[in-house]
Amino acid sequence: MNAAENSLSDLNAPQPIALRINDPAPDFIARTTAGPRRLDQYRGRWVILFSHPADFTPVCTSEFVDLARNAHRFEAMQCEILALSVDSLFSHLAWLTDIQRHFGVTVPFPVIEDPSMEIARAYGMIDPQSPTSATVRATYVIDPSGLIRAISWYPMNVGRSIDEMVRLVQALQAADEYKASTPAAWQPGQPLLAQTPLTLETALSAPSNAPWYYREQQS
């Protein structure tokens, strides 16, 4: 088989589902460390669904500890946290017990078991033909209507920033409330960006001391 035939074979192979921003988040029912959970039961609240490839791993342990210590910040935003791993429920329970014993924090959010990788594949976290979970390091922000509003991916050797996860939800909520956008490094209380004018009349009405396409708006 030559290189061209190899390329064609790759194109014809089953491709992973590619979820995009504003796609509906796939519903699921699964066992968790807090009992059975269904994603649809969280409608009306923001949700952070994040995944990790295995229990008892150092980077993921650091993330769980930090998230547990900052859970109140997500609760203040009416945002639920759901974790997902391909390990079994009993492995999750052993890991969370170990975290409590060694780090002095109780993980307050459900950890979903996904040993068949069915949920991971439904979200496009992993190639349908992959036998391992090495790529399951994704974070999805889901809004109260069940739409995916943000997606981020991390490698296995870099931990996520909990501060950025909080800021991202705050920015999405502010943008929705004020029908505006948030500038780089935006923090709550700072000015937002008004929608870009779509007509010449609106553009010409902008103040002369500022670019017509860059107008701040107070939150």
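The model is predicted. Its protein chain holds seven helices and nine strands. Of the 219 residues in the chain, 40% are buried. Among contacts between residues at least 6 apart, 66% join residues at least 24 apart.

Strand 4 and strand 5 run parallel, and three bridges join them.

Now turn to helix 2, residues 58–69. How far apart should its ends be? At 1.5 Å a residue, its twelve residues should span 16 Å. The end C-alpha atoms are 17 Å apart, which agrees.

Helix 2 has several buried residues: Cys60, Thr61, Glu63, Phe64, Val65, Leu67 and Ala68. What covers them? The cover includes strand 3 (46–52), strand 4 (79–85) and strand 5 (111–113). It also includes helix 3 (71–76), helix 4 (89–103) and helix 6 (162–178). An α-helix has 3.6 residues a turn, so residues three or four places apart point the same way.

Next come the aromatic rings. A pair of aromatic rings is described by the distance of the centres and the angle of the planes. The whole structure contains eight aromatic pairs. One of them joins Phe28 and Tyr123. Their ring centres are 6.4 Å apart and their planes stand at 70°, so the pair is edge-to-face. Where do the two residues lie? Phe28 is in the loop between helix 1 (3–12) and strand 1 (29–30), while Tyr123 is in the loop between helix 5 (118–122) and strand 6. The pair therefore ties together parts that are 95 residues apart in sequence. Phe28 is buried, at 8% relative accessible area. Tyr123 is buried too, at 2%.

Phe50 and Phe109 form another edge-to-face pair, 6.0 Å centre to centre with 70° between the planes. This pair also links distant parts of the chain. Phe50 sits in strand 3 and Phe109 in the loop between helix 4 and strand 5, 59 residues apart. Phe50 is buried, with a relative accessible area of 1%. Phe109 counts as buried at 4%. Both belong to one aromatic cluster, formed by Phe50, Phe56, Phe64, Trp95 and Phe109. Phe64 is also one of the buried residues of helix 2.

Finish with the cysteines. A disulfide is a covalent bond between the sulfur atoms of two cysteines. How many disulfides are there? With a cut-off of 2.5 Å between the sulfur atoms, the count comes to zero. Are Cys60 and Cys79 buried or exposed? Cys60 is buried, because its relative accessible area is 2% and buried means under 20%. Cys79 also counts as buried, at 2%.

Key: Residues numbered from 1 in each chain as written. Predicted model: local features only at pLDDT ≥ 70, side-chain atom pairs only at ≥ 80, totals over all residues. Heavy atoms only, no water. Buried < 20%, exposed > 50% of the residue type's maximum accessible area, 1.4 Å probe, protein only. Helix = DSSP H or I, 4+ residues; strand = E, 2+ residues; numbered from the N terminus. Expected span 1.5 Å × (residues − 1). Contact = heavy atoms within 4.5 Å. Pairing = 2+ DSSP bridges. Phe/Tyr/Trp six-rings, centres within 6.5 Å; stacked < 30°, edge-to-face > 60°.
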